[in-house]
Amino acid sequence: WEYILEQYEGRLPLSIKSVLEGTTVETKNVLLTVTNTDPECYWLTNYAETLLVQVWYPMTVCTNSREQKMVIQRYLNETGDVGGLSFKLHDFGFRGVSSVESAAIGGAAHLVNFLGTDTVAALVLANEYYGEPCAGFSIPASEHSTITSWGKDMEQQAMNNMLEQYPDGLVACVSDSFDIFNACEKIW
């Protein structure tokens with residue numbers, strides 16, 4: 001590090017190239033390269049790559065989200081109306097990640113393809129880093145506790161209550177609190 005400071009005034013002797021953020025790239029293509037420009041710093045390439053490959057997580061979330069959007073769109077085209085496509089996959093992912101930072105990064109990646117989110121950390125990131133005042137929106141949604149509190153025998157009434165409370169617009173209703181197959185086949 002002292003050598004880099006003395007020789008390069010602290011600038012890393014690396015050449016880093018990548019595709020532009022947000023670019024759709026076919027598989028088996030290089031997304032970024034790191035080239036060492038000083039043989040004395042042979043170790044620096046791996047050091048920098050270790051930090052740079054952290055883009056893998058948001059790229060994976062964004063790619064999966066995009067693929068899911070394409071599947072949803074295909075079936076909407078076959079069966080009905082593609083209107084509101086940007087709200088067809090809502091992000092409740094904050095609960096399933098290891099940190100607030102992970103929620104923000106993964107949630108923002110999801111917002112590239114969809115507008116529905118309950119991951120507030122993603123909205124904060126989109127505002128702070130991209131200047132987006134409101135990158136996504138929430139919708140009325142039940143939780144497992146709001147369905148299970150009615151009891152198994154009252155599951156249908158709990159779901160009906162959600163629809164009565166929010167008769168217009170989008171609503172999300174948890175259907176797997178007791179038996180997802182029963183909910184899909186007999187209640188909905």
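What should the 24 residues of helix H3 (residues 56–79) span, and how far apart are its end C-alpha atoms?

A: The model is a predicted one. At 1.5 Å a residue, helix H3 (residues 56–79) should span 34 Å, and its end C-alpha atoms are 34 Å apart, so the two values agree.

Within H3, the buried residues are Cys 62, Ser 65 and Leu 76. Buried here stands for a relative accessible area under 20%. The packing partner of the buried residues of H3 is helix H4 (100–110).

The geometry of this pair can be given in a few values. The axes of H3 and H4 cross at roughly 35° and come within 8 Å. The crossing of H3 past H4 is right-handed. On the H3 side, the residues that take part are Tyr 57, Pro 58, Val 61, Cys 62 and Ser 65. They meet Ser 102, Ile 105, Gly 106, Ala 109 and His 110 of H4. Sorted by class, the contact of H3 with H4 holds six nonpolar and four polar residues, with no charged ones.

His 110 lies in helix H4 and has a relative accessibility of 7%, so it counts as buried. With neighbours within four places in sequence left aside, His 110 is in contact with Val 61 and Ser 65, and also with Leu 89, His 90, Asp 91 and Gly 116.

Helix H7 (residues 155–165) and helix H8 (residues 180–187) pack with their axes 11 Å apart, at an angle of about 65°. H7 is therefore roughly perpendicular to H8. The crossing of H7 and H8 is right-handed. H7 contributes Glu 155, Gln 156 and Met 159 to the contact, and H8 contributes Asn 182, Ala 183 and Ile 187. By class, the contact of H7 with H8 has three nonpolar residues, two polar and one charged.

A residue from helix H1 (residues 2–8) gives a contrast in accessibility. Glu 6 sits in H1 and is exposed, because its relative accessible area is 63%, whereas His 110 is buried at 7%. The C-alpha atoms of Glu 6 and Leu 123 are separated by 41 Å, and the two residues are 117 residues apart along the chain.

How values were computed
Residues are numbered from 1 along each chain as its sequence is written. This is a predicted model: local features need pLDDT of at least 70, side-chain atom pairs count only at pLDDT 80 or more; totals for chains, interfaces and linings use all residues. Side-chain values use heavy atoms; hydrogens and water are left out. Helices (H or I, at least four residues) and strands (E, at least two) are DSSP runs, numbered from the N terminus. The expected span of a helix is 1.5 Å times one less than its number of residues. Buried means under 20% relative accessible area, exposed over 50%, partly exposed in between (1.4 Å probe, protein chains only). Contact means heavy atoms within 4.5 Å. Axes are lines fitted to C-alpha atoms, for helices over the stretch in contact, and angles run from 0 to 180 degrees between N-to-C directions. Angles under 35 degrees count as roughly parallel, over 145 as roughly antiparallel, 65 to 115 as roughly perpendicular and the rest as oblique. A crossing is left-handed if the near helix is turned anticlockwise from the far one by less than a right angle, and right-handed if clockwise. Ala, Val, Leu, Ile, Met, Phe, Trp, Tyr, Cys and Pro count as nonpolar, Asp, Glu, Lys and Arg as charged, and the others, Gly among them, as polar.
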